[in-house]
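Okay, everyone, thanks for coming. Let me put the structure up on the screen, and then we'll walk through it together.

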Amino acid sequence: MKKTLVMLHGWGSSSKSFLPVLEFLDKSIEPIIFDLPGFGEVPLNRPYTLEDYLEFLEEHLNKELHLRKIEKFILLGHSFGGALALLYALKHPQQVEKLILYNPAILRPNTFKIKIFNFLSKIVKPIFLFLPKNFVFLIKKAFYKFIIKSYDYFLADENLRKTLANIRKDLREEAKMVKNKTYLLWGKKDKITPLKHGYFLKKIMPDAELIILDGGHSYHKEEPENFAKILSKIILENGNN
């Protein structure tokens, strides 16, 4: 009997990022991939919240599962998709056979870097009004590259920027309440969601197993074949766990 695997991509990515992985998945696994609003082929016509994304996921999966006559499935979420997968499993635990959180963006600590960013934003915003636009663009680009070390906010349009602000929610309390068997796949070289987040989640989640990957935040792009082997083992060899 085939196992159904629903795969949710991360922020700034799309379902296409999983295509190389699908080539190497065990043939007894039936994958379901699709784009989240704001990415790939699905437009974002207004700012979204986590609740909006969850509602989109519920509606999309209900139709898909009904057509395929599927009652339970394995749910995988990468980065932001991991946060969304956690919320879905918390709300619909009976549908999720296993939960796979892959470098998930679940912990959102209010770090010193974020505090500095918010402080500087208030100071420089009025100054930027008097500077050439090209110069302001270069300053912002350098800031996001060397200080924030992420282009997500810098490259986003207005709807995505507001959405990104809306979804920055720390979900550690929600993680404590998840009862599903959970596999935490974590790249030991991940600089976006560091491995220490994985160790922390393993401690606070009731039934979580941490599997460390020899790569970064997007290990599935770095080593699609090996990533597929790890997924297949979790889904099939640990089927009775």
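Let's start with a question: which residues in H2 meet which residues in H3? Before I answer, keep in mind that this is a predicted model. On the H2 side we have Leu-50, Tyr-53, Leu-54, Leu-57, Glu-58 and Leu-61. Their partners in H3 are Phe-80, Leu-84, Leu-87, Tyr-88 and Lys-91. If you sort that contact by class, you get nine nonpolar residues, two charged ones and no polar ones.

How do the two helices sit against each other? H2 and H3 pack at an angle of about 70°, and their axes are 10 Å apart. Angles from 65 to 115 degrees count as roughly perpendicular, so H2 is roughly perpendicular to H3. And if you like handedness, H2 passes H3 in a right-handed crossing.

Now, the sheet. Six strands make up an open sheet, in the order S2-S1-S3-S4-S5-S6, and the pairing is parallel. Why do S2 and S6 each have one side left without a neighbour in the sheet? Strand S2, residues 29-33, and strand S6, residues 208-213, stand at the edges, so each has a single partner strand. On average, neighbouring strands in this sheet are turned by 20° against each other, ignoring direction.

H2, which covers residues 50-68, lies across S1, S2 and S3, and it runs at about 145° to S2. H3, residues 80-91, packs on the sheet too, touching S1, S3 and S4, and its direction makes about 145° with that of S3.

Let's go along the strands now. S3 and S4 pair in the parallel sense over six bridges, and His-78 stands opposite Tyr-102 in S4. Six of the seven residues of S4 are buried, so S4 is largely enclosed by the rest of the structure. S4 then pairs with S5, again in the parallel sense, over four bridges. There, Ile-100 stands opposite Tyr-183 in S5.

Which residues point which way from S5? Thr-182, Leu-184 and Trp-186 go one way, Tyr-183, Leu-185 and Gly-187 go the other, and all are buried. With six of its six residues buried, S5 is largely enclosed by the rest of the structure.

S5, residues 182-187, also runs parallel to S6, and six bridges join them. Thr-182 stands opposite Ala-208 in S6, while Tyr-183 stands opposite Glu-209.

One last stop: His-220, which has its place in helix H10, residues 219-222. Is His-220 buried or exposed? Buried means under 20% relative accessible area, and His-220 is at 1%, so it counts as buried. What is His-220 in contact with, leaving aside its neighbours within four places in sequence? The list is Ser-17, Phe-18, Val-21, His-78, Tyr-102 and Phe-227.

Methods. Residues numbered from 1 in each chain as written. Predicted model: local features only at pLDDT ≥ 70, side-chain atom pairs only at ≥ 80, totals over all residues. Heavy atoms only, no water. Pairing = 2+ DSSP bridges. Axes fitted to C-alpha atoms, helices over the stretch in contact; angles between N-to-C directions. Contact = heavy atoms within 4.5 Å. Parallel < 35°, antiparallel > 145°, perpendicular 65-115°, else oblique. Left-handed = near helix turned anticlockwise from the far one by under 90°. Nonpolar A, V, L, I, M, F, W, Y, C, P; charged D, E, K, R; others polar. Buried < 20%, exposed > 50% of the residue type's maximum accessible area, 1.4 Å probe, protein only.
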